[in-house]
Amino acid sequence: MRWKDFRTSSNVEDRRGQRGGGNFRVPGGRGGLGLGTIIVVGLIGWALGINPAVLIGGMEALNRGGGYSQSQQQSPQQQAGRTGTPSDEMGRFAASVLAQTEDVWQELFRADGKTYQDPKLVLFSGATRSACGGAQSAMGPFYCPLDQKVYLDLSFFQEMKNRFNAPGDFAAAYVIAHEVGHHVQNLLGILPKVQQAQRQAGSRAEANALSVRTELMADCFAGVWANHADARFQTLEPGDVEEALNAASAIGDDRLQKQAQGYAVPDSFTHGTSQQRMTWFTRGLKTGSMQECNSFKGSI
């Protein structure tokens, strides 16, 4: 993926190296996604009456084991970080991908008569605070609609390579673009509708199905971004699309559950199967159309 020749975004808040982030801990330790913990925390969340899928975003939903409501206020313990483009290569890479998402979505919103509001990207290490609660590396990247920020521990990309065999710059860019896709959903008013529909769902499986549709739309939006970024910046290099598809496949619910417990439980899926995630990313990539990303079809 070509990224070094392009601008970097200043909408980055770098909290790496800071200590603390609350006492919230995910069983299984820091720095890994904790595949067995995904299921355990999810079950605890349901047992306590908390839907772990309400916090919509990449790999975070089951890992958090908690939800939020639009009425929650930002925590006074939230940490500030250095604002602007980081100086290290991985930080600059993330800022460059963010800049490309800004350019693409600003143009697409403008063409539709809307105004795109850039999200912030918070880089952290280990743990930090968000308006949606405590953030840990073990949650993976996530988007918090309450403060319109994407939270990312860059060590996740090493986890993708080592644990999920999904290396590559474009695979990492797909992850960032997916989380920005949730920001797009939030600006379009889709996330509040999903949350309302989940609260009114008649069953756990119905609420999970809404989460899956939300994630697949974000995958499609990531493909839309890739289509327009390549057309505008010629970012794609041979093998990049395969990297993104491999990453989408690696974090499918069916694959993760089989790795964790040896079998899959479709009613518990919150992000979609490997095949679904690849299909929806490809749809966005091939068409470049937001309208082709409607995964709900009148269900909200």
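**Exercise 1.** Classify Cys293 as buried or exposed.

*Solution.* Take the relative accessible area of Cys293: it is 1%. Apply the cut-offs: buried is under 20% relative accessible area, exposed over 50%, partly exposed in between (1.4 Å probe, protein chains only). Cys293 is therefore buried.

The model is predicted: local features need pLDDT of at least 70, side-chain atom pairs count only at pLDDT 80 or more, and totals for chains, interfaces and linings use all residues. Residues are numbered from 1 along each chain as its sequence is written, and side-chain values use heavy atoms, with hydrogens and water left out.

**Exercise 2.** Characterise the link between Cys220 and Cys293.

*Solution.* Start with the sulfur atoms, which lie 2.1 Å apart. A disulfide is a pair of cysteine sulfur atoms within 2.5 Å, and Cys220 and Cys293 form one. Next, the torsion: -70° about the S-S bond makes this link left-handed. Then place the ends. Cys220 lies in helix H7 (residues 204–233) and Cys293 in the segment after helix H10 (274–287), so the pair ties together parts 73 residues apart in sequence. Helices (H or I, at least four residues) and strands (E, at least two) are DSSP runs, numbered from the N terminus. Finally, Cys220 has 0% relative accessibility, so Cys220 counts as buried.

**Exercise 3.** Find the handedness and location of the Cys132–Cys144 disulfide.

*Solution.* The S to S distance is 2.1 Å. The S-S torsion is about 90°, so the disulfide of Cys132 and Cys144 is right-handed. Cys132 sits in the loop between strand E4 (127–130) and strand E5 (133–136), and Cys144 in strand E6 (residues 142–144), so the pair ties together parts twelve residues apart in sequence. Both Cys132 and Cys144 are buried.

**Exercise 4.** State the pairing of the bonded cysteines, numbered in sequence order.

*Solution.* The structure holds two disulfides. The pairing is 1-2, 3-4.
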